[in-house]
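Q: Let's start with a term before we look at the helices. What makes a crossing left-handed or right-handed?

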Amino acid sequence: MARPHASAHDVAHDAARDAVHELRASALHCLVEPDPAVKAAGVAVLVDAGRAGTLAVDVAAVFDEPAAIPGRPARPELVPPRLVGRRSMATVEGRAMLVHALAHIEFNAVNLALDAVWRFPGMPDGYYVDWLRVAGEEALHFNLLAGHLQTLGYAYGDFPGHDSLWEMVAKTSGDVLARMALVPRTMEARGLDAIPPLRAKLAQAGDLAAARILDVLLRDEVGHVEIGNRWYFHLCAQRGLEPVATYDDLTDRYKAPVLKGPFNVEGRRAAGFTEAELARYAADALPAGA
């Protein structure tokens with residue numbers, strides 16, 4: 001039953017709550033939802049149900065893939081990364097463009113976490129619980145950034161965005177090992193490197209509220225990359241594969257982006273990268289504590 005005088009967000013949350021039955025099917029339902037507020041509300045319901053212990057997980061279920069994956073609004077317009085535009089910190093519009101770009105990344109990150117939940121059967125229960133946690137935190141990040149964007153006089157969709165993150169999700173849809181290697185360990189781990197200098201620029205420009213939001217993002221993204229690392233190493237052990245050589249092979253096979261520094265070695269260590277991997281980044285590391 002709808003609450004009297006409920007907001008649109010409350011109505012979406014209540015409707016999503018009434019629809020929850022099983023985690024993986026519900027994750028797919030959230031994934032195809034195009035409205036960001038409704039999607040985030042649905043994810044919040046799943047997280048609440050998981051915490052309450054009322055959410056079943058059918059690890060063996062195999063679902064037909066709907067055509068509309070991922071669900072997303074008509075805007076922002078999707079363009080090649082080079083056409084997204086410059087983000088000068090000297091103007092409100094420039095800062096808004098940066099916050100919008102981050103909000104778009106986080107919206108895609110909600111979708112990638114939901115996709116990791118529904119798409120791959122036969123994983124341990126903990127895998128699905130972990131990726132539900134990621135979806136919940138990414139939805140919170142999106143809401144924080146979209147809310148801050150409104151304080152700058154803009155809304156999500158007002159600027160173009162690119163689709164690089166989801167393109168790698170789509171490429172790796174056939175193998176959970178490739179997904180863990182190339183999405184959390186590659187695409188999301190780039191955020192560990194990018195957030196500290198972006199946070200510094202926003203703080204220097206006087207946008208301390210945005211800087212504090214980036215503190216939340218960095219804290220949580222370390223955990224998200226750690227989840228990807230943990231399940232990547234689990235799958236390598238299960239398949240009898242050497243992790244570093246396998247990662248290099250997958251990077252080449254799927255044409256993953258070439259990583260460029262400076263690298264947040266401290267953050268990557270906290271996220272579970274091995275010392276052998278970190279040694280590759282040591283020569284081009286962010287200053288300690290950056």
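A: A crossing is left-handed if the near helix is turned anticlockwise from the far one by less than a right angle, and right-handed if clockwise. Here α7 (176-204) passes α8 (residues 208-239) in a crossing that is left-handed.

Q: What kind of model is this?
A: Residue numbers start from 1 along each chain as its sequence is written, and side-chain values use heavy atoms, with hydrogens and water left out. Local features need pLDDT of at least 70 and side-chain atom pairs pLDDT 80 or more, while totals for chains, interfaces and linings use all residues, as this model is predicted.

Q: At what angle do α7 and α8 pack?
A: Helices here are DSSP runs (H or I, at least four residues; strands are E, at least two), numbered from the N terminus. The axes of α7 and α8, lines fitted to C-alpha atoms over the stretch in contact, are 8 Å apart. On the scale of 0 to 180 degrees between N-to-C directions, the angle is about 160 degrees.

Q: How many nonpolar residues are in the contact of α7 with α8?
A: Ala, Val, Leu, Ile, Met, Phe, Trp, Tyr, Cys and Pro count as nonpolar, Asp, Glu, Lys and Arg as charged, and the others, Gly among them, as polar. The α7 contact with α8 has 3 polar and 6 charged residues, and its nonpolar count is 25.

Q: How are α5 and α8 oriented to each other?
A: Helix α5 (residues 125-151) comes within 10 Å of α8, axis to axis, and the two cross at roughly 165 degrees. Their contact has 12 nonpolar, 6 polar and 7 charged residues. The crossing is left-handed, and α5 and α8 are therefore roughly antiparallel.

Q: Which helix gives the most to the lining of the largest pocket?
A: A pocket is an open set of points on a 1 Å grid where a 1.4 Å probe fits, with protein on both sides within 12 Å along at least five of seven lines; lining residues have an atom within 4 Å of a point. The largest one holds about 1300 Å³, counted as the space filled by probe spheres. Its lining has 39 residues, with Ile105, His162, Arg190, Gly191 and Ala194 nearest the centre. α4 (92-119), α6 (164-171), α7 and α8 each supply at least two, and the biggest share, 10 residues, comes from α7.

Q: Which elements give two or more residues to the lining of the second largest pocket?
A: This pocket has a volume of about 400 Å³. Among its 21 lining residues, Val47, Arg51, Leu132, Arg133 and Gly136 sit closest to the centre. Two or more residues come from each of α3 (36-52) and α5.

Q: Which residue forms a salt bridge with Arg179?
A: The structure holds 16 salt bridges (a Lys or Arg side-chain nitrogen within 4 Å of an Asp or Glu carboxyl oxygen). In this one, the closest N and O atoms are 2.9 Å apart. Arg179 lies in α7 and its partner in α4, so the pair ties together parts 64 residues apart in sequence. That partner is Asp115.

Q: Where does Lys255, with its positive phi of about 55 degrees, lie?
A: Most residues other than glycine have a negative phi, and most peptide bonds are trans. Pro262, joined to Gly261 by a cis bond with omega near 5 degrees, is in the loop between α9 (243-253) and α10 (265-270). Lys255 also lies in the loop between α9 and α10.

Terms used: Angles under 35 degrees count as roughly parallel, over 145 as roughly antiparallel, 65 to 115 as roughly perpendicular and the rest as oblique.
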